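Okay, everyone, let's have a look at this one together.

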Amino acid sequence: MATTLPPLAMHRLVRTAIALLWLIIPLGVVVWHNSTTPFGGSLVGALSALGNSAWLTLLVTLTTSTLVLLAALAGARGRHLNATWASFIAVPHVAFAIGLLWLVSPSGWLVRLVDGLLPMWQGPIQSSVLSGKSTFTLMVVLMLKELPFLLLMAQANVQQMPIQPWQQQAQALGYSHRRFWWLIVIPALLKRIRLPLYIIAIYTVSVVDIPLLVGPNAPALLAHEVYQLNWQFTNNTQGLVSWGSLFLVVIAAVSVLLLRGLEWVLQRWLGYLALTGKRACAAKSSVKRATTPWFWALLAMSVFISLLLQSGQQAWFYPSLWPQGWQWSRWLTEWPYIAPLLYNTWILAALSATLAWLSAIALLEVQAQSQQHTLNGGWLTMLMIPQLVLVLGWQQTIGPDNGFIGLLWSHTVFCFPYAYLTLHGAYHAYPRRWLWQARSLGYGPWAAWFKVLVPMLQRPLALAWAMAFSISVAQYLPTQWLAPMTHPTLTTEAVSIASGGDWRLGSVYALAQWASVWSVFMLVLWGTRARN
């Protein structure tokens, strides 16, 4: 039978090239820099200066990750795996945070709506847990942004599990459908979504742009604190930066271990329920409704409209639902500044997404031909290390504003794991017998791949590229530390303006950032639907 396997040496060459570009060299740069840079200051002094920030970071990470996990387990039972999830996951964190704050602030749009519907309402609210920069606000924003990602991973894994045979056996033993789900499916699912949960936790440990906008200042999260200290060029602060980056790695490792312990507790608890015959807990209806696509579509629409109104308003006094005056000329005034940022953002995102996408396809093809169908966690290594630690090592090694190539390389490093993760399931679920039949009909290896596999996987391939594109658009720290002057982007400017308190102008840049990602996803969905 004709085979599509290339020589073994080609397999090794592809894997080696991808590993060097996106894993070994990036990590090697950081390790080499840390091994040659002494840690300034004493450990005791670093602990006292950064201790509160470290504890707060651990608390936020564990709370956010645990709540996201429980909500994802409750919503994994649905059959909502489609492009809606992917498009919402791609919404930039910065744009989402800016719009959400105006939506739920004490005198925000939702409060005004309630005031208009309920005349007895005594508003505006004088104080609110979501009124400004606080730990609670930060956790709400992170949970709303990270839950769709874990839901997507959970539902994708559920569809790959032999649910029907398991359910038939469970029914034969007298299990109800709910009991079968929580006592048989959920324990298996917990193991499968372990890696995506760790990715969420480590992202929370090292995120910088969201804490800059909505996080607390006293104390700040550790990544936020290290970020601020890195702009102070003194021996003492640079020593704290070195210790702080080490603490981030420790917190990430501790968070993963504690989440692994939480999984162990859940597994034992569910096992106890199965042995004793006690009733498993049922998810609340409110949680189930919050894990359906229509809820997230409504939330995204509300945040988008909030940004749009805020960007065009001139005067908007409480309790009016609509601004008393408009100033759409703000868009025209800002366009000369937005246009070059838009160009930088799109060029950088398109190139880095393409490089990451091609690398992911090459790796998946090699794995498919080698009969390796399981998700290889090693290729997601860059998501398992706090981003600030990596970017700090790159900055201090190659220097800031070192050119476009270094910035492109850094963006591709972070885009590659998401492209690989997004495409993995669909690529390995593809029946390879179609390629073998094409080869038996006279097609060459490349012709069979392009004329048979690509048309059948056009939507997963396009969505993987769009996801990588959105990841590049949302990158804040690599751009801010590696090319802040020569290649600023919409994301860096949106964070700078919004953190300065100008929410109306910040909404303009946030909308431009959102539109950059959303337009790509809509084109991808429309184009693949038309082709189908």
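By nonpolar core I mean buried Ala, Val, Leu, Ile, Met, Phe, Trp, Tyr and Cys residues joined through side-chain atoms within 4.5 Å, with buried meaning under 20% relative accessible area, exposed over 50% and partly exposed in between, using a 1.4 Å probe and protein chains only. Helices here are DSSP runs of H or I, at least four residues, numbered from the N terminus.

Quick caveats: this is a predicted model, local features need pLDDT of at least 70, side-chain atom pairs count only at pLDDT 80 or more, and totals for chains, interfaces and linings use all residues. Residues are numbered from 1 along each chain as its sequence is written, and side-chain values use heavy atoms, with hydrogens and water left out.

Back to Y509. Its side chain makes a 2.7 Å polar contact with that of E334; that's a pair of N or O atoms within 3.5 Å, where within protein one must be able to donate a hydrogen and the other to accept it, and residues adjacent in sequence count only if both atoms are side-chain atoms. E334 sits in helix α15, residues 329-369.

Last one: A447, in helix α19, residues 445-456. A447 is partly exposed, at 27% relative accessible area. From A447 to L435 is 9.6 Å, C-alpha to C-alpha, and 12 residues in sequence.

Definitions and conventions: Helix = DSSP H or I, 4+ residues; strand = E, 2+ residues; numbered from the N terminus.
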